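Subject: Handing over the structure

Hello,

Here is the structure you are taking over. Please open it and keep it beside this email as you read.

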Amino acid sequence: METVTNQLVSIEKPEIVAPPDWQPVIIGILCNWCSYAGSDLTGTSRLQYPPNIRIIRVPCSSRVDTWFLIKSLQTTADGVLVSGCHPGDCHYISGNYFARRRFLVTKKLLNFVGFHENRIQFSWVSAAEGPKFAKVVSKVTEDIKKLGPLHLYKKENFEK
Amino acid sequence: MDYTKQIQEIATRLFAEDKIDVFVGYRLTGFDDNQVPALIRESKDVPLLVFNQKSVFNLSNYLKNDHTRNKRVGLVVKGCDSRSLNLLLTESQVKREKLYVVGIACEGVVDDAGQKMQNCLECMVPAAVVYDELLGEANMERRFIINADIQDMAAKELVQRREYFEEVFENCIRCNACRHSCPLCYCAKCCIDQETATLYNGANTTSSAFHALMTWSLHLAGRCVDCRNCEKACPSHLPLHLFHKWNERVIYENFQEHLAGVHEGDRGAFYKYSMQDPDDFIM
Amino acid sequence: MSVETIVTDKAGLQKFYEAIIAKNETYAPVEKFGKYDFKLVKNLSECDPESPIAKTMSAKPLFFPRSAKIMKYVATSAGTDVSETDEDPLAGKRVIVGMKHCDARALQVLDKVYNWDFIDTDYQKRRLNTVVISTRCDKAETHCFCTSLDYDVENLDAMDVLIVNGNDGKVYIKSKSEKGIEFLNSGVTSHTSRVTEEAAGEELKKQYTAFSASFRLKMDYKSINEKLSKIFDTPEFENVSSNCVSCNTCAFVCPTCHCFKISDEKVKDTGVRYKSYDSCNNGYFTLMAGGHNPRPAKYRRWRQRAMHKFVYYKERFGENLCVGCGKCTTSCPVNISIFEVINQVSK
Amino acid sequence: MEQLLVPMICKIDKVIQETPDVRTYRLKFKEEGLMEKFNWMPGQFVEFSLLGSGECTFCIASSVTRKGYFDCSIKRAGVVTADIHTLLDEGDEVGIRGPYGNWFPLDDIKGKNLLFVGGGIGLAPLRSLIQYCIDNRNDYKDFTILYGARTSADMCYKEEIKEWQENKSLKVILTIDRPEESWTSNVGVVPKILEEVVKPEIANTKVITCGPPIMIKYTIQSLLKLGFADKDIITTLEMKMQCGLGKCGRCNIGSTYVCKDGPVFTNEQLKKLPDEF
């Protein structure tokens, strides 16, 4: 006998079922000079984007240490979005080039140990790209809604 | 591969010419053919030195040791050891003029069971890249063979990988032996050490092990030279090389065939960039 | 106390193990990544009670867990609420199979420190509710030196049930305590071929003679104790510690090391306080907040470890804090042998 | 043991800023009736925990004769103490375990002259004994307190020192390391003042000293030079501790557990210990 359910399960751990009113929490780490200004512009130009994102402002995308991402995923987040200036536009000249390398390796490694690759996403959003920011956040939220809740190595489990 | 005689000759000469204060090499444990690193301070102890295919431990670890700091050191390095030495030099942890490096063109070392170590089978740089003197043939080049177990692992489904690594993190006992035995982990305050940890205070839980191993392997990404000191030290025998080799592979494929510490003055992959770095994963 | 000995064969031993696992909460060595760790098992095929000693972690975590929860708390501006943690998962009635003599002996040594002054009730409870079944080794491994220490390996009474693989192909199962007799009578064995003490005694003695002859490492612990206590300031400690990488593996695998630290893990308002292993080889082990460190140099920490094992503990509790299992040596990444080191220092 | 490590909750009654980096926390047990049952002797210590940050060892800085509260003086030095200073205020709750350790040999010092030598935050454990002795003043003969600090601003318990100075039955000598403008008392390090100004009577005197490790070392040296016997010099040791129960092994000096056999030692006992403190 097979019961067809519409319940959303965590993609990494199918035994974990999302509660019916589940909404993902996404940590957005934005660079001060472009993406944060971009998100500001989104707000001032009255563009809607999902409220699931919690924004943290950092001076530059290369300020994002890899363990910021790991810590986010281990505490509240179901997904992380890191956003910085377009290549060539970095306020500190080359910060985002360094960041780009770290992001790729972090994303691949976390994917390797069993996180879905869409849990960590990156974008380049400039200060003038308000609509793009709204689009990026909508897409990330949509992606993570499909993946279900993240229940891997959460700190608050206090296991063992 | 037995350079015992040559190394003893070199060490004797260096002590006689008063070029070094301490010579770091290997000696036998005294009962079997396993070897212990030896820090030789006087020429009378030089006959203890040996070097053969059982000389496994990466000696550049001892450059962060109390006994070698601010001293003139003679050091034996194999291919992988010399790469980590190269990184230590680039990162200003040791001074080149204080070192006398005996490089070895390594033919691969063996583990306790006598099998050739897996990292030696796929070694790309077997001969030492930094040396004052090289023993053996220098022109040894090998291919970059992608680790078979990495390939198997990457081919698995997401859920299977998660299950496998959950077991890895569960079996970690948070002793931090991996970090202490790594030649490239020289931070006085480490972000995964119990007392100075950033997110976890050292309780041994699966999540703290995940945090520690992930952060640690990402700090070593693009710097790890695959000497497997960490795996030798791990009391739980965890397959720590999976993280490092995976990172090495990602970095090699994406960042212009970067290999840590092969060229002099070459920094870790995260300390430089190129315009050609992949951008397609970024929205 | 009457001592019972059951004689059986290899197949009977397997049946014995199966019966134990079926009837009790049983912990046994389970292989993972090439090393064995004591875990709760459901059937015999998962585990290997005859695991090699060098590749087996000690059974210490079953009594002194790697991380034990002390308490849970909720700390908000409205007040603080401390609650005891959930039930101790290790406190129930249980059986451990596949322990070796050195491991069992380690528990005896640990009893001293845990029952000194403030009594560790959790540890006591775990000890009380556990039936320890220990197998005597047939052959010493490379780094074993248990026979050279201050306990009688042959007549060790640290375990409840002793299993000896006799040289005649028979297996002798012997109860060593009241708990052991009760356990053997609880229906785990259907064998009725029980022999007298004398009949089994000879075979056990023969096995022990062969076993003790297989030791490569032998020393006189009394002279070591005595000499070490006099040479606190010897520069030899600096020499022997020079190739240590301070990786702490030795302390984490040691069946008798019992130093721990207390740490808080907190998420928002709630948190858990843990008691977890620590090692005296860490530079920060004695580092105080003002920056004062009584043992700043590596050789001082090394000396503390060696002296604690062979001098201080002996002075205080009358036992060596070492059972000669050789686990520290086999897991050392640079093959430093504690046996060699103490012998070299006290030469 | 896990339940032995669970702290009792205390409420902070009062916070006194002693110096720029030392604060005294006056604590009371939250649960009714616990305060009356909580008895300690001068020299004992408690494990003070700020839940979420960690646990630290502090000596109790007040005497059991002053009922209804106890004090802990905390210097900002490490991670947890920094958190304590920034996060804790009056009315907040902390965890306390204790009291642990041994205490000053009250029987031995009865009927003797007492000389207290304190430096910096090292006055805290002495204060417990000083208060105790003041409250039982008739049991002791001459009573001298020598207290040194780096600067006049670094002196702890300023109000209380004023009280002591006004108390005719005590002799209080203060010193600072370097001259300051408005400072009228002695200038110089503690051992120097001890030899040049205090000139204590040797016979029938017990010296109780505490301070930074380097100060203790030189104070003991000059006390021995003055002719004091080893058994008449009493000090309290500082060692890193985690459990306070004689289990965790951090405070081992030789076969001695500082948390059980200490923290109060006479110089006679200290001489037998290996030089690791």
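Below is what was found, chain by chain and then at one contact between chains.

Please keep in mind that this is a predicted model.

Chain C

Start with chain C. It holds 11 helices and 12 strands. Its C-alpha trace spans about 65 × 60 × 40 Å along the principal axes. Does that extent go with a compact globule or against one? For 347 residues, a compact globule would have a radius of gyration near 20 Å, and chain C has 22 Å, so the two agree. Buried residues make up 53% of the 347 residues in chain C.

Chain D

Next comes chain D. Here there are 9 helices and 15 strands. The C-alpha trace of chain D spans about 50 × 45 × 35 Å along its principal axes. The same globule check can be run on chain D. A compact globule of 277 residues would have a radius of gyration near 19 Å; chain D has 18 Å, so this agrees as well. Of its 277 residues, 49% count as buried. Among contacts in chain D with a separation of 6 or more, 71% come from residues 24 or more positions apart.

The two domains of chain D

Chain D is divided into domain 1 (2-100) and domain 2 (106-236). Their C-alpha centres lie 24 Å apart. How many residues of domain 1 of chain D are in contact with domain 2 of chain D? There are 15, and they meet 15 residues of domain 2. On the domain 1 side, β1 (8-19) and β5 (70-75) of chain D each supply at least two residues. By class, that side has 6 nonpolar, 6 polar and 3 charged residues.

Where chain B meets chain A

Last, turn to chains A and B. The contact takes 37 residues from chain B and 38 residues from chain A. Three helices of chain B each supply at least two residues to its side: α5 (158-171), α7 (206-219) and α9 (241-254). Which of them gives the largest share? It is α7(B), with 8 residues. The side of chain B that touches chain A divides into 23 nonpolar, 10 polar and 4 charged residues.

That is the handover.

Best wishes

Note on methods
Residues are numbered from 1 along each chain as its sequence is written. Chains are lettered from A and ligands numbered from 1 in the order in which they are written. This is a predicted model: local features need pLDDT of at least 70, side-chain atom pairs count only at pLDDT 80 or more; totals for chains, interfaces and linings use all residues. Helices (H or I, at least four residues) and strands (E, at least two) are DSSP runs, numbered from the N terminus. The radius of gyration is taken over C-alpha atoms; the globule rule is 2.2 Å times the number of residues to the power 0.38. A residue is buried if 20 or more other C-beta atoms lie within 10 Å of its own, exposed if 12 or fewer, and partly exposed in between; C-beta atoms are placed from the backbone. Two residues are in contact if their C-beta atoms, placed from the backbone, lie within 7 Å. Ala, Val, Leu, Ile, Met, Phe, Trp, Tyr, Cys and Pro count as nonpolar, Asp, Glu, Lys and Arg as charged, and the others, Gly among them, as polar. Domain bounds come from an automatic or database domain assignment.
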